[in-house]
Amino acid sequence: MSQPAMDGRIVVDQLTKVFGGNVRAVDQLSFTVEPGSVTGFLGPNGAGKTTTLRMVLGLVHPTGGRATIGGLPYRQLHEPGRIVGAALESSGFHPARTGRNHLRVLATVAGLPEARADQVLDLVGLRDAARRKVRGYSMGMRQRLGLAAALLGDPRVLVLDEPANGLDPDGIRWLRGLLRHLAGEGRTVLVSSHQLNEVQEVADRVVILNHGRLVRSGSIAELTAGTDSVVVRTPDAPAMHAALTGQPVQVDQTDPATLRIRGLSVEQVGHLAYAGGVELHELRGERFDLEQLFFALTAAGAQPPVPTAAGGPA
Amino acid sequence: MIRLVRAEFLKLRTTQVWFWLLLGAIAISALTVIGPLAGGDPKNGRDVAEMFGSAALAYVVIFVLGVLGVTTEFRYQTITATVLLTPSRWAVVTAKMITYALLGIAYALVCVLVQLAIAVPWLDAKGVDYSLGQDGIPHAVGGVFLVLALFGIVGLGIGALVRNQVVAVSVGVIFLVVLENVFLAIPGVKHVYPYLPEGGIRAIADVTARDQDLNGVRLLPVGGGVAVLLLWAFVPAIIGAAFSMNRDIT
């Protein structure tokens with residue numbers, strides 16, 4: 001509002017956090033989150049996701065590098081509550097305060113009308129619980145209340161840490177729709193998660209983190225391109241290997257009867273088997289999804305950072 | 001800043017701690033007049049002034065309230081939302097200081113009214129010769145207001161410095177209620193007493209102690225007592241805002 005030119009882009013530049021002198025929680029991390037998209041921020045537990053988000057929000061001081069929102073570090077934003085909405089895992093509620101009063105307090109701090117509290121309570125489906133003390137809220141209700149707090153100032157930028165935790169399947173579907181809707185309005189949405197399938201369904205782009213370092217970033221289509229495979233089950237695996245000889249493929253034999261083939265389509269593999277006279281008991285394509293990519297990228301922990309795909313850290 | 005102060009009052013109103021602690025303050029005020037009156041002590045205006053000044057003992061209550069004002073936010077992690085909306089820790093701490101000073105004045109008003117309501121009819125019935133406008137009574141009552149207005153800030157400062165609720169409350173209360181008097185009893189160490197919170201309080205509100213030797217220690221003059229309390233109020237708050245509150249919030 002007071003910064004009409006602000007674009008809501010989040011830029012993380014060489015961000016580093018060292019705890020206690022030797023624990024590198026985040027290590028020279030760079031990525032950009034664009035307005036109008038949902039960006040999934042992925043990594044196993046302990047990868048440094050939460051620390052990164054806290055540095056973006058000015059709650060944790062970086063050891064090196066910087067993070068900006070719309071060109072400014074968080075702590076220099078004027079009226080940050082109207083620009084950035086954040087729901088962090090550890091941001092809490094006073095157990096003796098009602099959900100509605102929690103939001104009224106925040107609305108007062110942010111200089112927003114108290115009516116906003118009721119609006120966001122409706123938006124997250126907490127109207128009926130609004131006047132109950134947070135002590136009696138379920139995990140999912142607390143998540144919704146945190147989300148309501150994030151939406152209070154109608155912010156251009158949303159930073160949500162594991163927002164799907166504790167939500168039931170209905171809640172997760174609702175959250176997905178909400179995030180898509182918010183991104184569709186041109187807002188910047190950054191969502192951390194370890195629930196990869198959730199993110200795959202809602203995110204346009206992902207940033208994958210492991211051991212505090214960037215592993216990969218880009219659109220999901222970019223990251224999973226060329227990684228589909230064909231699974232073949234046959235009683236005569238050597239014959240199938242022979243039929244594939246000379247083809248530009250990568251073959252993994254997962255058990256004596258099953259081959260996983262990359263580099264050819266289902267039709268091409270089927271044709272080669274037919275031409276080679278190989279008996280098949282199963283022939284199917286398998287989409288290499290985000291979860292597999294994620295495990296491949298973060299496996300064993302020793303993986304060095306991979307050069308980013310096109311459109312990587314801008 | 002006004003909306004931050006309003007939000008602080010809303011935080012207070014939407015939980016119940018203020019009510020229970022107010023009951024505590026009322027109990028202290030009532031007992032500090034009922035005790036002397038039932039014992040038949042007050043003989044003249046000077047005694048009455050001492051009695052009214054003892055409402056300042058409610059400082060322990062307002063101190064705890066101040067400590068809770070900061071440490072509850074760390075305990076329940078509402079501090080995250082607070083500083084996300086108000087990135088300046090100075091603004092957060094200043095708003096709390098204003099709020100708790102006003103709250104201390106409100107508590108003082110209640111305490112004084114409770115004391116007057118109990119003491120005035122009782123004193124009249126006993127036929128004690130005094131006047132509310134004389135014998136240092138206005139001074140004692142004014143001292144109560146000043147002490148309670150400042151002690152919320154003392155509590156906030158200690159809370160901002162320590163951040164841990166249990167540690168800040170227990171160490172703070174033990175120091176104020178027990179250790180200060182222990183210090184007064186120890187030769188050599190006792191000379192710090194006038195510069196401790198209680199020494200400051202008594203210099204301001206305890207009209208009889210001001211003129212006495214306390215185990216060979218003389219209290220500071222009123223102005224000195226005010227200065228001591230101001231230091232106890234503002235130094236921890238400033239250090240807390242500058243350093244402790246500024247540490248990483250994880």
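Me: How far apart do the C-alpha centres of domain 1 of chain A and domain 2 of chain A lie?

Reply: They lie 44 Å apart. The domain assignment of chain A, with bounds from an automatic or database assignment, gives domain 1 as 10-224 + 293-298 and domain 2 as 229-286. This is a predicted model, in which local features need pLDDT of at least 70 and side-chain atom pairs count only at pLDDT 80 or more, while totals for chains, interfaces and linings use all residues. Residues are numbered from 1 along each chain as its sequence is written, and chains are lettered from A and ligands numbered from 1 in the order in which they are written.

Me: How many residues of chain A are in contact with chain B?

Reply: Taking contact as C-beta atoms, placed from the backbone, within 7 Å, 29 residues of chain A meet 24 residues of chain B. The largest share on the chain A side, seven residues, comes from helix H2 (residues 99-110); helices here are DSSP runs of H or I, at least four residues, numbered from the N terminus.

Me: How do I read two packed helices?

Reply: Two packed helices are described by the angle between their axes and the distance between the axes. Here, the axes of H2(A) and helix H1 (residues 2-13) of chain B come within 7 Å and cross at roughly 165°. That is why H2(A) is roughly antiparallel to H1(B), a word for angles over 145 degrees.

Me: Which residues of H2(A) make the contact?

Reply: A:Arg104, A:Val105, A:Thr108 and A:Val109 do, and their partners on H1(B) include B:Leu4 and B:Ala7.

Terms used. Contact = placed C-beta atoms within 7 Å. Helix = DSSP H or I, 4+ residues; strand = E, 2+ residues; numbered from the N terminus. Axes fitted to C-alpha atoms, helices over the stretch in contact; angles between N-to-C directions. Parallel < 35°, antiparallel > 145°, perpendicular 65-115°, else oblique.
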